[in-house]
Structures are given as structure tokens and as C-alpha cells.
Amino acid sequence: GDPEYGGNNSAVQAHVTNALQVQATSCAFAAIMADGSVVSWGSPDGGGDSSAVKDQLRNVWQVQATFEAFAAILADGSVVTWGNG
């Protein structure tokens, strides 16, 4: 697939092991890992770049997606969002 839209995960492939869940926006993916962290890839504007909130993405229970953004629900009930919006 088109790398710009998440069709190529080679840049993060080494980090995407033991994924529990994967969600997608229109142009990016986010995976919850077994350790409760999140790995994202694809269009940076569409949620593929979660680096701005990486330190907050710990103990993630669930990720939901919209057209170009993600919301992660953490174990403490708080929500972290990233992407376009």
C-alpha cells in the first residue's frame, strides 16, 4: 500500500510486536502493544505521528479512531488524543 497512508510499516515494524489491537484513521494506524504503549504510523497529520503525546501513552486500554485522529483511553480513565483535529 501507499506508505503515506500507512500502507508500509517498515519504519516501525521492529516496534510492532505483540500488538493487542490495531485501529485506523483514513490514513494512519495505531497499535496497542502488550506493554500498554502505542505505536503509530502513516500520515503524520492523520494520526501517524504520536510523538507529541508519546510520554502520555502508557497503560493504554483502548484506542478509537475518527477520520484523521485517535483517542486513547488510559487505565486511569483519562483520554489522550492526537492527529488532525
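Reply: Let's start with a term: a contact, or touch, means heavy atoms within 4.5 Å. This is a predicted model, where local features need pLDDT of at least 70, side-chain atom pairs count only at pLDDT 80 or more, and totals for chains, interfaces and linings use all residues. Residues are numbered from 1 along each chain as its sequence is written, and side-chain values use heavy atoms, with hydrogens and water left out.

First, the setting. The chain has six strands and zero helices; both are DSSP runs numbered from the N terminus, with at least two residues (E) for a strand and at least four (H or I) for a helix. Buried residues make up 35% of the 85 residues, where buried means under 20% relative accessible area, exposed over 50%, and partly exposed in between (1.4 Å probe, protein chains only).

Now the core itself. A nonpolar core is a set of buried Ala, Val, Leu, Ile, Met, Phe, Trp, Tyr and Cys residues joined through side-chain atoms within 4.5 Å. The largest one here has 13 residues, and Val-38, Leu-57, Val-60, Val-63, Ala-72 and Trp-82 touch the most other members. Strand 2, strand 4 (60-65), strand 5 (69-74) and strand 6 (79-83) each give two or more residues to this core.

Take Val-38. Not counting residues up to four places away in sequence, Val-38 touches Ala-30, Ala-31, Ile-32, Leu-57, Val-60, Val-63 and Trp-82. One of those, Ile-32, sits in strand 2 and is the bridge partner of Gln-21. Strand 2 (residues 28-33) pairs with strand 1 (residues 19-24) in the antiparallel sense over five bridges, and strands count as paired if DSSP finds at least two bridges between them. A hairpin of three residues joins strand 1 to strand 2.

Leu-57 is another one to look at. You'll find Leu-57 in the loop between strand 3 (38-42) and strand 4. With a relative accessible area of 1%, Leu-57 is buried. Leaving aside neighbours within four places in sequence, Leu-57 is in contact with Gly-36, Ser-37, Val-38, Ser-50, Ala-72, Val-80 and Trp-82. Ser-37 is 20 residues from Leu-57 in sequence, yet their C-alpha atoms are 5.6 Å apart.
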